[in-house]
Amino acid sequence: MPAADPLAQPAELGAGAPVLAFDVGGTDIKSALFDADGVMLGLRRTPTPEPGSDLPERLVARLVELGTELRAEHPGVDPVAVGLVVPGIVDEVAGVGVFASNMGWRNAPIRALAEEAFGLPVAFDHDVRTGGWAEHVLGGGRPYTDSIVLIIGTGIAGALVLGGVPFTSGGYAGEVGHSPVADEPLCPCGARGCLEAIASAGAIARRYTARTGIAVDGAKEVIARAGAGDEDAAAVWDEALDALALSIAQLTAVIAPQAVVIGGGLSRAGGALFDELRARLQARLSFHRIPDLVPAQLLGNAGILGAALRARSLR
Ligand SMILES: [Zn+2]
């Protein structure tokens, strides 16, 4: 498999309508203007407004400020639509932020607020699902019509593309991180044995520290320690790999994706992750078509590129 080098081959949107794009996270907002050639202009990262009951209104006001700045810096580019992606449970059909623990909103009519404030059509969607769509169109999922993107970082998020279109089920599909794979531990979501409570980069570091009392610099240190013969680290890493392999095996049996595109901090483990998962999938499955396991390519820009794609899809 060719090594994915996103810096050597920068993903480009290509020609299309000029759009504004925003990727809103719990701590910061990424914003940029895309011109008619698809060039990303003025990309910046600014703090997300503080949580509070009126966050949807304050957030939209902040986005309008950012959009005004971007347009002032690039007066030759006249955006015709806005792409806006946020975390949590998102009903992209209704344009509603159903729930987001880190934003504190419930049933917030964000698309309507943004369309009113910008005076432009707004595409509103889920950050990781949209990033998954961007991976499908521009990144690691390009060769496939049926693929699942898994972003393994602090948590584990998923995005499904089936038959070449995103499968969302009203915002509830793709929660691979909260699929149960064991009877414990308790997950912050309230369920038990969720995949991300065992196999996210955050969980791997946390579980090693809980087991040994030793603070570590993230999952990468646990993986390095496992490679150096630390039995506790090896056990934690082994459990994480088994849990990921079980979850991907179940997805393979039910959905049969051609590929699982893996991004997020844990994907930087490279062969230690991809080769191990391939071997464990082979061991678990029989007649099934084992999906290609491929690295994500867009890295931190997947969300904002996806927002721009969604905005263009309005035209
Ligand atoms: Zn959970």
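Reader: What makes the arrangement of the 4 donor atoms around the zinc ion tetrahedral?

Author: Good place to start, and keep in mind that this is a predicted model. Four donors count as tetrahedral if all angles lie between 85 and 135 degrees. Here the 4 donor atoms subtend angles of 105 to 118°, so the arrangement is tetrahedral.

Reader: Which protein atoms are the donors of the zinc ion?

Author: They are ND1 of His178 and the SG atoms of Cys187, Cys189 and Cys194, lying 2.0 to 2.4 Å from the zinc ion. Donors must be within 2.8 Å of a metal such as this one, so these atoms qualify. Along the chain, the donors follow the spacing H-x8-C-x1-C-x4-C. Cys187 and Cys194 are both buried.

Reader: Why is Leu160 called buried?

Author: Buried means under 20% relative accessible area. Leu160 has 7% relative accessibility, so Leu160 counts as buried. You can find Leu160 in strand E10, residues 156-162.

Reader: Which residues does Leu160 touch, not counting those up to four places away in sequence?

Author: Leu160 touches Ser147, Ile148, Val165, Pro166, Phe167, Gly174 and Ile255. Take Ser147: it is 13 residues from Leu160 along the chain, and their C-alpha atoms are separated by 6.1 Å.

Methods
Residues are numbered from 1 along each chain as its sequence is written. This is a predicted model: local features need pLDDT of at least 70, side-chain atom pairs count only at pLDDT 80 or more; totals for chains, interfaces and linings use all residues. Side-chain values use heavy atoms; hydrogens and water are left out. Donors are N, O and S atoms within 2.8 Å of the metal (3.2 Å for Na, K and Ca); water is not among the atoms, so sites may look incomplete. Four donors count as tetrahedral if all angles lie between 85 and 135 degrees; four count as square planar and six as octahedral if opposite donors are over 155 degrees apart and all others between 65 and 115; anything else is irregular. Buried means under 20% relative accessible area, exposed over 50%, partly exposed in between (1.4 Å probe, protein chains only). Helices (H or I, at least four residues) and strands (E, at least two) are DSSP runs, numbered from the N terminus. Contact means heavy atoms within 4.5 Å.
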